[in-house]
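Q: Please take a close look at one part of this structure, the interface between the two chains. What holds the sides in contact there?

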Amino acid sequence: MEYEVVIGLEVHTELKTASKIFCGCSTSFGAEQNTNVCPVCLGLPGVLPVLNAKVLEFAVRTGLALNCRILPFSKFDRKNYYYPDLPKNFQTSQYDLPIAVDGHLDVEVAGETKRIGITRVHMEEDAGKLVHAGTIAKADYTLVDYNRTGVPLLEIVSEPDIRSAEEAKAYLEKLKAILQYIDVSDCKMEEGSLRCDANISLRPKGETKLGTKAEIKNLNSFKAVQKGLEYEALRQAEVLDEGGRIVQETRSWDDARGQTVSLRSKEQAHDYRYFPEPDLVPMVVDSTWVEDIRRSLPELPDARQARLMKEYGLSGYDAGVITASRAMADFFDATVAAGADAKAAANWIMGELSRHLNAAGREIEECPVAPGQLAALIDLQAKGTVSGKIAKTVFEEMWASGKDAAVIVKEQGLVQISDEGEVVAIVEKVIAANPQSVADFKAGKERALGFLVGQIMKETKGRANPELVNKLLRERI
Amino acid sequence: MKITRKDVEQVALLSRLELGENDVEKFTGQLNAILDYIDVLNKVDTSGVEPTAHVLPVKNVMRADEARPSLPRELALANAPEQEDGYFKVPKILEG
């Protein structure tokens, strides 16, 4: 049977505040175990949590950037469950009055724009980290580090509007870009500051009622989100095709084995026994303040992409790649501001620069070549001082040494030879030395010309102006 | 709504309470008595009354985002029944 896949994503993002959500402990990542803890985040008796003002501001900022309505009256609730990563046996979260509701974001998949609804954005505290000796199933005991307990989180819940694994990945990428643009989170999936759970179900094409869903956890990278959901859709289709029934359960994506495995079935409906948190007072958000935050929002990815297309004539694809991360878009803008041609800047950033970053496993913020230096290199190429090929060699050297392009060109004598007399002499020398190739070319073998050009480039260490070489060669044979 | 023995057993499980046979009987009766009383309150017309989010008329109590020193680790772990290598040590999580 043909099925429609229905996916909703729950994304947790750690906010980049200096201190935790309800106490003054540091949020720094990678500290020694249990050194960023205090009586409040350890849930010792008699303590009083106090909300970090920055968390509320970041939550409102995020809500606005995701086109949500900010609730004027919001509160915290206790979500009760027993698990050793929660020292209090409840998580302070928001239940019926989250800070932001009814938003959306637009994703582009296969050339089409699709709007994905956002149900809600709420504030909560992160839980601690469990360390198992071996696997969780085989360990005799578990060790707990509470440094992460109380780190501020936003949970962003989408509507079940997503219809494929590819759309899920696009949604997550767009969400990450927005969170980075508005500077509320690092969104490092590898450090757990951006985490994604998915609810996925199938239904026969045309059916409007939702099927039974499974919740997939441990989707720790964009690739895992896509692969995990593709796998789960296939698994559910097989179960249904064989006349089986989907069990409502939590499953974990096993990246190494490339499959989802059952964790526990939700035999009892969630019984978190939510109730209002008596230790924290409600938040009443003033509309003037909300409007101030709205005005302070930076240009967001969609607007920036549109601007690059309109102002510089970049293609939608190119503008999309460049604006997918704020840092890359900033790098592009700075390169253009330093005088580089926009299309050349886009090509360099998406080409050589990204290739070097990927190979070195670096972020663009750590790029050893500054935007101004790249602009100067682009300028040398535009003026014909260096050929495109030599420019790549120069870039290589800039990456390694951090030197300016002009300095490298001078030091290594890489200036392009565009003087006709100088090139003619070499062309004639190569023609004289390769009579066979000349004869082949005359007999109609175009490829022989390539060989001759190669010989000339070898003679000049790649510095001869390629257009001039082609022109002079064709004139003489 | 009537509380059954099953409800009491379920709440006891969620609260990690071990109840004796007589306790289940006793609490079922007591909880039903409480709910009967709540039914009296339910007769009050509360349409147009906002649910209470907090008993005090206080709002927006917040602190600035400044990191302050945490507890020394020995103190943080001082009450832990078991510890190992600076971690809290707890029994295995999965049964079986």
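A: Here is the interface, from its overall extent down to single pairs.

This is a predicted model: local features need pLDDT of at least 70, side-chain atom pairs count only at pLDDT 80 or more, and totals for chains, interfaces and linings use all residues. Residues are numbered from 1 along each chain as its sequence is written, chains are lettered from A and ligands numbered from 1 in the order written, and side-chain values use heavy atoms, without hydrogens or water.

Chain A puts 54 residues into the contact and chain B 34 (heavy atoms within 4.5 Å). Together they bury about 3,700 Å², 60% of it on carbon and sulfur atoms. Buried area is the accessible area (1.4 Å probe) that two parts lose on being put together, summed over both.

Now the polar side. The rule finds 20 residue pairs in polar contact across the interface, both residues at pLDDT 80 or more. A polar contact is a pair of N or O atoms within 3.5 Å; within protein, one must be able to donate a hydrogen and the other to accept it, and residues adjacent in sequence count only if both atoms are side-chain atoms. The salt bridge count is one (a Lys or Arg side-chain nitrogen within 4 Å of an Asp or Glu carboxyl oxygen). E32(A) and R73(B) form that bridge, at 3.7 Å, N to O.

On chain B, α1 (5–14), β1 (62–63), α3 (73–77) and β3 (87–91) each supply at least two residues of the side that touches chain A. Helices (H or I, at least four residues) and strands (E, at least two) are DSSP runs, numbered from the N terminus. β3(B) gives the largest share, five residues.

Four bridges join β3(B) to strand β10 (residues 141–145) of chain A, and the two run antiparallel. Strands pair if DSSP finds at least two bridges between them. Within β3(B), K89(B) stands opposite L143(A).
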